[in-house]
Each structure stands twice: as C-alpha cells, then as structure tokens.
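Try each task before reading its solution.

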Amino acid sequence: MSSHTFVLNGERVTVEVADDVRLLWVLRDLLGVTGPKYGCGLNVCKSCTSHINGKAFNPCSVPVSAIKADDEITTIEGLPATVGAELHPMQEAWLEQDVAQCGYCQPGQIMTAVALVHRVRAEGRAITDDDLDQIRNICRCGTYSRIRTAIKSGAAKM
C-alpha cells in the first residue's frame, strides 16, 4: 500500500491504497464520494466524469498513482462550491429543463458541460452545436435534446 494525497472538492485528503487502484474506486469506496458513477470502467460511457484541475476527466481510467499532491479533483458534490452557491448554474439548468429521468449519468453530463463552457470561454467564443455534438457522455434514457438545451441555458448563467 502507498500513501496518496490530493485535493478533493477543496479539501486535502490522503488515502492508503495500492498504486494501480483506479481513482473512481478511491473516490467511491474509500472516500465515500458517490456522485461519479461506475458505468463501464473503460473511459467510454463517461458517467464518472469529474474535473482534475478544472478539466473534465474520467476517474475510472486513471490509477491513483497518476494523481499528484497538488492536483485538484472536483466531483459533482464539490461543483456548487466552485461558485459559492447551493447549486451550480448548470445544475439549476438541468432542473429547469427537466433533464433527468433515471439520473444515473447526470453527474457526469453536468461535469462535462461545465468543463465545456470553461473551455470555449477560454477560447473566447460561445458554445456551438458542433461543440455539443462532440460530447460523448452516454444517456441510456435518451434525454439528449434536453441535455443540449440545459447546457446552453446553464452556460448563459455561468
């Protein structure tokens, strides 16, 4: 077992775990952070999408040994704190657009959407339909049109 330290949702955490354990299992099983969901374990479905240093990533495909002590991991549980509110504007947009059906993939969808908004704004532009077409998060309930509407709505409030 090795000791691994990083920042999780604004708090420094340390865990004792083998180097090859995927970060998703560290988050869920050792730290009790269950917002990132296990869907495929292969970086395909994107239901575990979280942020590392502000960028979207999938902890199901990253061994904990790849995480550095100064890396900041944000999950859906920590997203509202990034704007100092009870809910992040993108979460509010999800509610307003009545996106969720089963809700399983929604944390990953929201985290992907927030990262997309930050990326396109850093590029000095607005979200386009082409940007939305590039999102690869799977929604088994098929609420893709509402997800697209919510992303545009949430982006306007961010």
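Helices are DSSP runs of H or I with at least four residues, strands are DSSP runs of E with at least two, and both are numbered from the N terminus. The model used here is predicted.

**Exercise 1.** Find where D71 sits, and decide what its side chain meets.

Solution. 
- Step 1: Locate D71. The residue lies in the loop that links β4 (55-57) to β5 (72-74).
- Step 2: Look for a charged partner. D71 is buried and has no salt bridge. K68 is the nearest side chain of opposite charge, 4.7 Å away.
- Step 3: Check the backbone. A polar atom of the D71 side chain lies 2.7 Å from the backbone nitrogen of K68.
- Step 4: List the neighbours. Leaving out residues up to four places away in sequence, D71 touches F6, V7, I52, N53 and A66.

**Exercise 2.** Is D131 buried or exposed?

Solution. 
- Step 1: Apply the cut-off. Buried means under 20% relative accessible area. D131 has 7%, so D131 counts as buried.
- Step 2: Follow the side chain. It reaches the backbone nitrogen of T128 at 2.9 Å.
- Step 3: Beyond four places in sequence, D131 touches residues including L116, R119 and V120.

**Exercise 3.** Which residues make the nonpolar surface patch?

Solution. 
- Step 1: Name the members. L42, V44, I138 and Y144 form a patch of about 380 Å².
- Step 2: I138 is in the loop between α4 (129-133) and α5 (144-157).
- Step 3: Patch members need over 30% relative accessible area. I138 is partly exposed at 36%.

Terms used: Residues numbered from 1 in each chain as written. Predicted model: local features only at pLDDT ≥ 70, side-chain atom pairs only at ≥ 80, totals over all residues. Heavy atoms only, no water. Patch = residues over 30% accessible without salt bridge, like charges linked within 9 Å, V, L, I, M, F, W, Y side chains within 5 Å. Areas by Shrake-Rupley, 256 points an atom, 1.4 Å probe, with all protein chains shown as cover. Salt bridge = Lys/Arg side-chain N within 4 Å of Asp/Glu carboxyl O. Buried < 20%, exposed > 50% of the residue type's maximum accessible area, 1.4 Å probe, protein only. Lys, Arg positive; Asp, Glu negative; His and termini not counted. Polar contact = N/O pair within 3.5 Å; in protein donor to acceptor, adjacent residues only side chain to side chain. Contact = heavy atoms within 4.5 Å.
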